[in-house]
Amino acid sequence: MKELKNLIIMGPPGAGKGTQSEKIVEELNIPHISTGDMFREAMIQGTELGKMAQQYINEGKLVPDDVTIALVKERLSRPDCANGYLLDGFPRTLYQADALDELLKEINRPVDKVLNIDVDKEALINRISGRRVCPKCGNSYHISYKKPHKDGICDACEGVLIQRKDDTPESLKVRLDAYENQTKPLINYYQSKNLLASIDGLQDIEKVFSDILLVLKGDAR
Ligand code: AP5
Ligand code: MG
Ligand code: ZN
């Protein structure tokens with residue numbers, strides 16, 4: 001079977017995209033391209049992009065398509081994507097999906113598989129409210145499901161863990177609405193292209209990962 005290395009991971013906020021992405025990129029040795037992480041990095045650095053994105057992100061709204069597409073275009077053009085890529089949190093609108101098709105034609109790496117992490121709303125709220133992140137290195141934890149060794153302290157760099165600004169109940173509501181209205185239609189979009197593989201995201205972290213590996217390395221879907 002052909003190696004599947006041109007990948008998209010999608011799913012609602014808190015589904016576990018970032019958690020699974022870390023494991024997938026280590027396994028396949030491809031870059032993890034998370035638009036959310038790139039925006040948060042720009043916010044920390046205080047760049048123009050960061051200042052602009054901040055207003056949208058903290059309220060839970062999507063950053064405008066043209067800005068996001070330009071960011072991904074630049075990232076995909078770097079040499080480390082020559083061996084594949086894992087896109088996390090992009091595309092998020094049908095407009096972005098069409099633009100991505102064009103970008104991928106340019107680099108001659110069309111999508112091999114779209115991993116759709118399926119999780120119900122109740123679990124999402126639980127996962128988001130218990131998430132803690134390290135502002136220094138970006139590592140992510142959960143107060144029940146992925147505890148750091150020392151309470152409130154990052155295992156990797158000893159940073160003091162915080163909650164993401166958009167993990168408040170108000171912002172989460174806006175993010176869930178954006179997912180329902182703008183991102184969920186992509187499920188049909190990729191299904192009709194025969195690229196979609198849905199994964200049961202309600203299982204524990206290791207089981208979700210082994211199901212993903214089955215899709216990527218076993219008989220596809
Ligand atoms: P982004 O950073 O992409 O956020 P999101 O889609 O809301 O998803 P999250 O990162 O919150 O969740 P996740 O699925 O990665 O879950 P995680 O692995 O952390 O985007 C943020 C914002 O940036 C957007 O709202 C928007 O404003 C902007 N943006 C980004 N991309 C954009 C785009 N393309 N266009 C426009 N705007 C864009 O897991 C969550 C928690 O659950 C963790 O604590 C984890 O430990 C735990 N957990 C994970 N898996 C499991 C499991 N199996 N069992 C139990 N717990 C688990
Ligand atoms: Mg994430
Ligand atoms: Zn850290």
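## The shell around ligand 1

In this predicted model, ligand 1 has 35 residues around it, and the closest are Thr19, Thr35, Lys61, Arg92 and Arg131. Sorted by class, that shell holds twelve nonpolar, twelve polar and eleven charged residues.

## Polar contacts and cover

Let's look at a few atom pairs. One of the ligand's nitrogen atoms sits 2.7 Å from an N or O atom in the Thr35 side chain. For the side chain of Gln96, the distance from an N or O atom to a nitrogen atom of ligand 1 is 2.9 Å.

How much of the ligand does the protein cover? On its own, ligand 1 has 1000 Å² of accessible area, and the protein covers 97% of that. The elements giving two or more residues to the shell are α1 (17-28), α2 (35-45), α6 (121-130) and β6 (140-142). Of these, α2 gives the most, with four residues.

## Helix α5

Gln96 also turns up in helix α5, among its buried residues. This helix runs over residues 94-107, and at 1.5 Å a residue its 14 residues should span 20 Å; the end C-alpha atoms are 20 Å apart, so the two agree.

The buried set in α5 is Gln96, Ala97, Ala99, Leu100, Leu103 and Leu104. These residues lie on the same side of α5 because they cover an arc of only 165° around the axis.

Terms used. Residues numbered from 1 in each chain as written. Chains lettered and ligands numbered in written order. Predicted model: local features only at pLDDT ≥ 70, side-chain atom pairs only at ≥ 80, totals over all residues. Heavy atoms only, no water. Near = heavy atom within 4 Å. Polar contact = N/O pair within 3.5 Å; in protein donor to acceptor, adjacent residues only side chain to side chain. Areas by Shrake-Rupley, 256 points an atom, 1.4 Å probe, with all protein chains shown as cover. Nonpolar A, V, L, I, M, F, W, Y, C, P; charged D, E, K, R; others polar. Expected span 1.5 Å × (residues − 1). Buried < 20%, exposed > 50% of the residue type's maximum accessible area, 1.4 Å probe, protein only. Arc of directions from axis to C-beta.
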